[in-house]
Amino acid sequence: MDNFTVGVVVFPGSNCDRDVSWALEGCLDIRTKYLWHESSDLSDVDAIVLPGGFSYGDYLRCGAIARFSPLINALDEFVKSGKRVLGICNGFQILTESGFLPGALVANKNLNFICDDVELDIVSSKGGWFNNVDERQTIKLPIAHGEGRYHCDSDTLKKLVDNELIALRYKNNPNGSSFDIAGITNKKGNVLGLMPHPERACDETIGGTDGLFTLKSLILK
Amino acid sequence: MDQFAVKVFVRLRPSVLDPAGEATKSASIKLGAKGIKSLRIGKMIEVKIEGNGENEVREKIDLLCDRLFANTVIEDYEYSLEKL
């Protein structure tokens with residue numbers, strides 16, 4: 001674990017990259033390295049976080065332009081090798097736009113940018129991203145998004161349910177997401193995308209530590 | 001090489017809720033417009049492109065629409081093409 005390094009991707013318009021790095025380094029003592037989006041060399045990182053923000057100004061659609069960056073092109077092989085990728089907020093949008101995760105994220109039902117703490121049910125811990133062993137299987141994480149309404153067709157939703165790919169559901173759906181979905185994984189479990197921000201819940205002094213487990217699980221093999 | 005002006009229309013699929021369209025519909029009614037049954041907002045993209053004939057240009061535009069202009073999980077697209 002000493003040399004384990006998490007790559008934190010920086011797109012033009014990313015704004016949670018430093019928060020992620022702070023949470024990993026300062027709270028968990030996990031080494032990080034910023035990866036500029038034009039880099040395609042992922043050889044010296046062991047896991048990757050696509051942080052929140054507004055990559056490329058959210059032009060066209062959230063995550064649509066980021067998908068064509070050299071780094072995202074290189075991500076396919078990284079994911080296939082079984083290494084772990086965590087997409088938070090805009091990172092989740094990028095993962096759906098680029099096809100690593102199914103569905104899409106569209107404007108919140110009430111059109112508001114919602115900034116709040118939300119209660120989430122841990123539905124599945126496929127890939128070991130969440131602690132669902134304890135009795136308490138609800139966590140509280142902050143959300144901050146204008147386009148976080150998860151949408152997919154009914155066939156996709158059935159596949160998500162049948163394969164236990166739904167990781168998190170909102171207790172009180174804030175944005176109109178299908179089936180209250182807040183986060184999903186791929187089939188293998190090594191890719192997680194979620195709208196809530198675990199990196200903003202890593203220290204009691206800023207409101208909670210329910211995000212620590214997910215960030216810590218980046219180092220799982 | 002022929003040059004074409006292409007107008008691409010991208011729309012949310014009918015099954016996807018369009019809250020911006022709903023809000024605009026509500027404002028339209030407040031303005032006093034009567035009889036509005038539905039209002040949905042899409043995008044229009046104008047492209048000038050050259051290629052060897054219409055078929056080749058259509059192939060290029062199809063690729064752009066499928067891979068970039070629209071996210072076919074939530075959006076449909078159509079386009080019109082005019083030779084310049």
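**Note on the predicted model: helix α1 of chain A and its setting**

1. Just after α1(A) comes A:Asp29, whose phi is positive, at about 60 degrees.

2. Two further residues deserve a look for their backbone angles, given that most residues other than glycine have a negative phi. A:Leu111 has a phi near 65 degrees, a positive value in a residue other than glycine, and is found in the loop that runs between β5 (104-106) and β6 (114-122) of chain A. Its C-beta neighbours inside 10 Å number 12, and A:Leu111 therefore counts as exposed, since the cut-off for that class is 12 or fewer.

3. A:Glu164, which is not a glycine either, takes a positive phi of about 55 degrees, and its place is in the loop between α4 (154-162) and β9 (166-170) of chain A. With 14 C-beta neighbours inside 10 Å, A:Glu164 counts as partly exposed, because 14 falls in between the limit of 12 or fewer for exposed residues and that of 20 or more for buried ones.

4. Taken as a whole, chain A has a secondary structure of 5 helices and 11 strands. Its radius of gyration is 16 Å, close to the 17 Å that the globule rule gives for 221 residues, so chain A is as compact as a globular protein of that length. The C-alpha trace of chain A spans about 40 × 40 × 30 Å along its principal axes, and 52% of the 221 residues count as buried. Among the contacts in chain A with a separation of 6 or more, 75% are accounted for by residues 24 or more positions apart.

5. As to the contact between the chains, chain A contributes 12 residues and chain B contributes 9 residues. On the side of chain A that touches chain B, the residues divide into 5 nonpolar, 4 polar and 3 charged.

Definitions and conventions: Residues numbered from 1 in each chain as written. Chains lettered and ligands numbered in written order. Predicted model: local features only at pLDDT ≥ 70, side-chain atom pairs only at ≥ 80, totals over all residues. Helix = DSSP H or I, 4+ residues; strand = E, 2+ residues; numbered from the N terminus. Contact = placed C-beta atoms within 7 Å. Nonpolar A, V, L, I, M, F, W, Y, C, P; charged D, E, K, R; others polar. Rg over C-alpha atoms; globule rule 2.2 N^0.38 Å.
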